[in-house]
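Dear colleague,

Please find the structure below, handed over for your use. My notes on what was found in it follow directly after.

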Amino acid sequence: MVSSWSIFFMVFSIALCLLSTAGLFLLLRKRLRLKIAPVFIGALSFFVFALVLEQLLHSFVLQRGETGDIALLYRPWLFVLYSIFAAGLFEETARFAVFKLLKAKYTGVSTAISYGIGHGGLEVALTCLLAMAANLVLSLMANTGRGIGLPEAQAAAVMAALAETKPWMFAISGIERVSAMGIHISMSVLVWHAANTKGTAWLYPLAICLHALGNLAAGLYQAGLLGNLFIVEIATGIASGFYVFLAIKIHGRLQ
């Protein structure tokens with residue numbers, strides 16, 4: 001059986017995902033006059049730039065050799081630098097290009113916030129919300145004695161993985177997505193100014209570097225250079241909080 005604490009933290013993560021996306025939009029909609037169109041545009045640009053174009057680059061750079069290994073992983077620091085700067089370059093370029101196209105129709109920093117919610121929201125849905133919802137449904141079905149619709153051996157393996165995962169691991173996913181959303185929105189504000197405010201084009205390359213830095217701990221963990229997941233989440237959370245503070249300060253000075 002999957003423990004009650006595991007199920008509780010699955011629900012917790014699902015709630016965080018919804019609050020940091022739809023909840024955040026609804027909370028700020030009237031106060032900041034957010035519009036829905038930039039939300040969908042942000043989601044679409046994430047799909048095109050991060051899930052299509054960036055993945056095409058990965059397919060060349062991170063090719064597997066005859067042994068099935070990725071050659072770049074044998075140079076872990078190079079792998080980390082590539083992975084964090086590739087994400088920063090593609091996602092911040094998406095923001096810059098979209099804000100240049102939108103500025104004739106959508107004005108004000110509210111566009112950046114709406115875009116950031118959409119951009120980060122699709123990532124939240126694909127990396128946490130859908131998986132956590134599936135885990136929750138499977139856990140509830142198994143705990144109530146119902147089959148999960150898979151062959152017996154496969155079902156046993158899935159349920160063993162869910163039962164053996166430490167409960168707090170299910171909470172980590174939702175907390176990580178909240179931190180990521182802070183980074184997405186703050187970077188959107190910086191790049192919006194780069195695209196719309198005279199003399200601030202330097203904010204675009206700054207956003208690329210800050211985005212890469214915000215992903216550094218996760219990149220180190222992925223490359224096996226950092227083994228403590230708590231340190232990864234703390235570092236990402238600190239980066240997110242600092243970037244939100246920085247975006248507010250820069251926006252205030254440019255008003």
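Helix 2 bends by about 35° at Gln55, the bend being the angle between axes fitted to the seven residues ending there and the seven starting there. Helices are DSSP runs of H or I with at least four residues, numbered from the N terminus. This is a predicted model, in which local features need pLDDT of at least 70, side-chain atom pairs count only at pLDDT 80 or more, and totals for chains, interfaces and linings use all residues. Residues are numbered from 1 along each chain as its sequence is written, and side-chain values use heavy atoms, with hydrogens and water left out.

The buried residues of helix 2 (buried means under 20% relative accessible area, with a 1.4 Å probe and protein chains only) include Phe46, Phe49 and His58. The buried residues of this helix pack against helix 1 (4–32), helix 3 (76–102) and helix 4 (110–143), where contact means heavy atoms within 4.5 Å.

The structure also holds 3 salt bridges, each a side-chain nitrogen of Lys or Arg within 4 Å of a carboxyl oxygen of Asp or Glu. In helix 3, Glu92 and Arg95 lie 3 residues apart, about one turn of the helix, and their side chains meet in a salt bridge (2.8 Å, N to O). Another salt bridge joins the side chains of Glu123 and Arg177 (3.0 Å, N to O). That pair links distant parts of the chain, with Glu123 in helix 4 and Arg177 in helix 6 (residues 167–196), 54 residues apart. Both Glu123 and Arg177 are buried. Arg177 also forms a salt bridge with Glu176, their closest N and O atoms being 3.8 Å apart. Through shared partners, salt bridges join Glu123, Glu176 and Arg177 into one network.

With kind regards

Conventions:
Helix = DSSP H or I, 4+ residues; strand = E, 2+ residues; numbered from the N terminus. Buried < 20%, exposed > 50% of the residue type's maximum accessible area, 1.4 Å probe, protein only.
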